[in-house]
Amino acid sequence: MKRILLFDILLMKDIKQQNAFFTYVSSFGQKEVFEKIWNTPLGMLSGGERAKLFFSMLTYPDREWYICDDPFAGVDSGGKRFRIEIVKGLEEKGKGIILTTHETEPLESFGRMQVLEIKDGSIQR
């Protein structure tokens with residue numbers, strides 16, 4: 001399997017690679033959003049558009065494990081729903097996910113999940 005690096009995704013000069021990425025984001029109902037912003041200079045994107053783009057690019061390469069460090073922090077409700085859908089999609093594919101968060105509400109959206117809470121410096125189950 002060819003390794004795909006974030007740098008490769010950002011450059012995506014190969015139309016097959018672009019199509020594969022658009023297929024990926026389409027599975028989360030976001031194809032139109034990405035078609036709209038695809039040729040926009042990065043500095044012209046809104047904070048929410050950049051956040052969606054970067055989170056999508058980080059989860060696009062096929063990996064066995066993904067580490068998501070507080071993915072729901074600082075995003076609006078639409079951004080949270082988008083990230084929940086991506087994480088659920090990874091979960092459905094049987095991928096391993098380590099997710100840290102300060103927000104417990106998004107965790108209710110996931111099926112199989114073992115939650116460990118850190119309280120007073122100790123891990124609680």
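This briefing covers the aromatic contacts and the strand pairing of the structure. The model is predicted. It holds six aromatic pairs. Ring pairs join F21, F22, Y24, F28, F34, Y60 and F82 into a cluster. Strands β1 and β2 pair in the parallel sense, and the β-α-β crossover between them is right-handed.

**Aromatic pairs**

- The structure's six aromatic pairs include Y24 with F28, an edge-to-face pair. Their ring centres are 5.2 Å apart, with 80 degrees between the planes.
- Y24 counts as buried because its relative accessibility is 8%, under the 20% cut-off.
- F28 has 15% relative accessibility, so F28 counts as buried too.
- F34 and F82 form a tilted pair. The distance is 6.5 Å centre to centre, and the planes stand at 40 degrees.
- This pair of F34 and F82 links distant parts of the chain. F34 lies in helix α3 (residues 31-37) and F82 in helix α5 (residues 77-92), 48 residues apart.
- Both F34 and F82 are buried.

**Strands and crossover**

- Strand β1 spans residues 65-69 and strand β2 spans residues 96-100. Five bridges connect them in the parallel sense.
- Within this pairing, C68 stands opposite L99 of β2.
- From β1 the chain passes through α5 to reach β2, a right-handed β-α-β crossover. Helix α5 is also the helix that holds F82.

Conventions:
Residues numbered from 1 in each chain as written. Predicted model: local features only at pLDDT ≥ 70, side-chain atom pairs only at ≥ 80, totals over all residues. Heavy atoms only, no water. Phe/Tyr/Trp six-rings, centres within 6.5 Å; stacked < 30°, edge-to-face > 60°. Buried < 20%, exposed > 50% of the residue type's maximum accessible area, 1.4 Å probe, protein only. Helix = DSSP H or I, 4+ residues; strand = E, 2+ residues; numbered from the N terminus. Pairing = 2+ DSSP bridges. Right-handed = clockwise from strand over helix to strand, strands pointing away.
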